[in-house]
Amino acid sequence: MACPFAGSGPEMAADHSSQGAKEAVQEVPIPQPPPTILLGNFPDMDPSFPAREIQRFADIYGEIYSLELASRTVVLSTQELINEVCDQERFHKDIPRTLLEARALTGDGLFTSAHEDGLVLKREENWWKAHRLLVPAFGPLGLRKMFDDMLDISAQMVLRWDRMGEHHAIDCSGDFTRLAFDTIGLCSFGYRFNEFYTDEVHPFAKQMADVLKISGQRANRTELENRLHRWEEHERQDNIKKMHDLVNQIVAERKTRPKPDAKDLLNTMLFSVDRESGETLSEQNVANNVVTFLVAGHETTSGTLSFMWYNLLKHPEAFHKAQKEVDDIVEDQVLSLDMLPKLTYIDACIKETLRLNSPIPLVSVNPKEDTSLAGGKYRVKKGDVMTINNKGLHHDPMVWGQDHNEFKPERFLDGKFQALPPNSWKPFGNGLRACIGRGFAEQEMVANTAMILQRFSPEMADPGYDLMIKSTLTIKPDGFFMKVRRRPHKSLLTGIPGGVPSEVAKKQTAEDDKSRSGAVTCAKPGQKVRIFYGGNSGTCEGFAQSLQTTLEERGVQAEIASLDSATENLSKDVPNVIIPASYEGQPPDNAKKFVSWLERLGDADALKGVRYSVMGVGSSDWATTFHRIPKLIDDKLHRLGAETIVPAGLANVKTDLLGPFDDWSDSLVKHLLGAAGAAASDEEKPSIKVLVERTLPAKNVGDEKIGVGTVLKNDLLADTSVGPAKKHMDVRLPEGMKYEAGDYLVIQPRNPNEAVQQVMRYFGYDEHTRVRVEGSKKKYLPDTPTSIEVFFRDHVELGTPVTQRQLKTIATYTTRDDSRRIVDDDVSARLTEKRYTIIDVLVEYSIDLPLPIYMDMLLPLTPRQYSISSSPLAEGHRDTASVTYDIHTSPALSGHGIFEGACSTFLAFRKPGDAVSCFVRTTNINFRLPGDLETPIMMFAAGTGIAPMRAFLQERATIVKANASRKLGPALLFYGSRDAEKDFLYKHELAEWEKLGIVSVHGAHSRMPDAGTEGHPKYVQDATWAEREQCAELFRQGGKIYLCGSAARLGQSCAEVCKKIYKEKTGKSEQEAEEWLQRVKTDRYIADVY
């Protein structure tokens, strides 16, 4: 269906109420994962992260299912059902097991006490007294009184970040926990934990984190298991005692030394009288509520802020909108209370974060009596626990549309929030038991976000980071770090309460700007050049390091940074060198923010005085988007008034990667230094030193960013009788690593043994030799003693074709005429065309090249990316991912032995139990199954391109087998192979799924004797054309197209046949068909090509 936010229509007119006029429906049993005899569904739950398993089962079973835990738990995941259980006349809030465990810490505080009789606890009057006293304290007037204290703590945080510098990696969860914790301490009971003045967290905060973690685990284990963790419970009780000792001390001190003018909650709790009972709160209840505020408030606020910054930095367009809002409203002033209501976009960012990544994943209620849901379809009993799955609710496509997985703050603007169906957004709980501190948290988060945006330009510390989540009582990002750089024209005290007035700050920054020199015309020795790179694989960073070495050898100081760090930060003092890649027409992870900022700049002279040059990297396989990002950057910089130093260079990874870079860098160096300063740059030889020693073998230390997976199986799918061999591998992922169907497994390869031994034989070294490099900026060259075998095997590309520039350098190391001919036009052209490697040239022409020169010529060995061919919902694949791969082996074009693909050859020889270095990369092109399972899908694949399609189909099959009542939309698979018997991958599995109605398979087999005859399509496009009527109808119904395979072959041919069908059905022209194709590629034609 269309997104409700698109406007009015039949979808908007639907009755979302739970008790609307509906015809009686037949009662059906609530589905349940198969329980064990004694333990029910406890073995299915991960005690360290129960919400993840709750959602996993929701993905499989759909809108409702039950679990046999301590009591029957019914999980609801759609707005229609959740709206029904939010009716407080029929359902009430009981204290769930998770909070019962936390009661050891918070006692009868508001969070964990009962407001009415429940299954375990009876009504507690202390809840009512505290609620009546504290609701007004958290009202608008009470919050106004707390605003200054909130700014106080936020100022401490931003000043600390500023002092730590732009290279400091900020632990977002850690620092936002400090922020929330210190803010609650100061606003609630006037206590300063001062966590921003020390590197260590306050003991109270650490004790609380430990208690919450253990409490959460206890709630998801059986009683027997908890008895076996006695040592853990002893630790928990010890921490609880220490925490209460501090709180009791604070309460006692306030009673002994009253502060009648204090604006905090402690005064309210200690001295206010409840109007109904005529009583004050007991000291114990006050202490319990102090701890409650610290627990409930700091966890949710810190998690929300961490998630929000992840979302903003992953979506630069939203980031820039939020920052502009602050610039327009707050400017350089100190944030004031009257500004907060005007920061509507920031508020929308917070609300959208709470929808997309709610820190409270689950909320529970209980039926007051036996009743039914969905008009009698599902029966539930009084003792059941009804669990509201917030992720399911907040991703319900009937409410949020097919783009429910996307971060779009606009959902909450212009009246759309108010127009939502009832109970569609529940991050703060429900009804009487909803979060009492919601206003407090929202005010704190908006204010803190505005102060950060006013002052800093943040970026991800690891641009390739994909969201990982950890769980205590709530959830928050795990391992998410960012860096901040103070924005231009912002002083140290900009926006700080009590700091320098904004007029003084502006005058000072203006004087600073005036003192800065203008653009230089030449980077003379002793001066600087700034090099910014943007890429996911390491190639662009390698180019940046190579250029840095070249410049520094000539006396020019070169600084390297990611391209995102150039946002608002292009220098007018020194040249800016930009080396970006383009991925399917999109910027790499560490350039998204810069590109978004550049596209938003409208002033034609915005970058006047900036001098730059661009060196772009791309693949010609993506014909329509080839070099899109480098060209866009070059064009935008020019249009915005920047001056080009030398014309842009463009390299093609499919043909000649190094040649264009060598030519461009030579031109750049000569221009920067002048002809004399860069004389004979082609003859220039690296000044690095390689120290060689013989010793015992040393253990290699791997990249800490890449985890270690374990091979579980590595089965042959197809032999070499009709093409490259193909294999299927299952890999148990590194601990804590998760994936979704459509993601990639990125694997660090190793060079083939024969290639490594060939190089070592040439230089005359064995496996006991170690090398160390001095004088190089290239991070992949070892600066500590490293086994030469390990270096050549694990660190550098040995199979990269030689370049013209490298041939010129090699020729200087021989005096023989026949060897020097390698630089002749005809010979050099043959060597590059036949893809000779450096070592091929050295062996064939008997040239003695020094080891340091050879090592300096090599590029870093970059990880290879494979589409995952499994679904985490399938049995046995929760923590295991499959990859389907070709083994690339063929006679080398150069005539020197056999060409072996580095990664595929490495994988081919892995055995069960072997380790592989890998990590999961989230799809960059939204290659995901539709949120609405009834949406039709059409899949085009050839060869191992079937991998993500298998993942999709395996997921659909898992869902249907678990719950046959779930409806799936039609699915067509058009699959191309050479032979229907020899390389039709997963043939029997697909046949089984076809019998179940999961998919309709249409094969095309190019080397079968009858290929191309009636009813026997030769290629995927032929099979598609034969089924064009069905394809057109499914697309008309809102279907989506997925494609995986070669860009040059499958990608182009499928695009052509889709345009051909479109023209036949509409009578449109070729140009109109091309325009249509480009439009639907944004959301309905998703191609993953290589």
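1. A residue is called buried when its relative accessible area is under 20%, exposed when over 50%, and partly exposed in between (1.4 Å probe, protein chains only). Helices (H or I, at least four residues) and strands (E, at least two) are DSSP runs, numbered from the N terminus. The coordinates form a predicted model, in which local features need pLDDT of at least 70 and side-chain atom pairs count only at pLDDT 80 or more, while totals for chains, interfaces and linings use all residues. Residues are numbered from 1 along each chain as its sequence is written, and side-chain values use heavy atoms, with hydrogens and water left out.

2. Helix 12 covers residues 316-329, and its buried residues are Pro-316, Ala-318, Phe-319, His-320, Ala-322, Gln-323, Glu-325 and Val-326. These buried residues pack (contact means heavy atoms within 4.5 Å) against helix 11 (283-314), helix 13 (344-356), helix 16 (438-455), strand 9 (456-460) and helix 19 (592-600).

3. What span should the 14 residues of helix 12 have at 1.5 Å a residue? The expected value, 1.5 Å times one less than the number of residues, is 20 Å, and it agrees with the end C-alpha atoms, which are 20 Å apart. Just after helix 12, Glu-331 adopts a positive phi of about 55°.

4. Helix 6 (residues 172-189) packs with helix 11 at an angle of about 140°, the axes being 8 Å apart. Axes here are lines fitted to C-alpha atoms, for helices over the stretch in contact, and angles run from 0 to 180 degrees between N-to-C directions. The crossing is right-handed, a term for the near helix being turned clockwise from the far one by less than a right angle.

5. On the helix 6 side, the residues in this contact include Phe-176, Phe-181 and Ile-184; on the helix 11 side they include Phe-293, Leu-305 and Trp-309. The contact residues divide into 12 nonpolar, 9 polar and no charged. Ala, Val, Leu, Ile, Met, Phe, Trp, Tyr, Cys and Pro count as nonpolar, Asp, Glu, Lys and Arg as charged, and the others, Gly among them, as polar.

6. An open sheet of 6 strands has the order 25-22-29-20-21-26 with antiparallel pairing, where pairing requires at least two DSSP bridges between two strands. Its edges are strand 25 (864-867) and strand 26 (880-886), and the twist averages 40° from one strand to the next. Within the sheet, strand 20 (residues 707-718) and strand 21 (residues 726-732) are joined by 7 bridges, with Ala-718 partnered by Lys-726.

7. Strand 13 (residues 528-534) has 6 of its 7 residues buried. Strand 13 pairs with strand 14 (residues 557-562) in the parallel sense over 6 bridges; Tyr-533 has Ser-562 as its bridge partner in strand 14.
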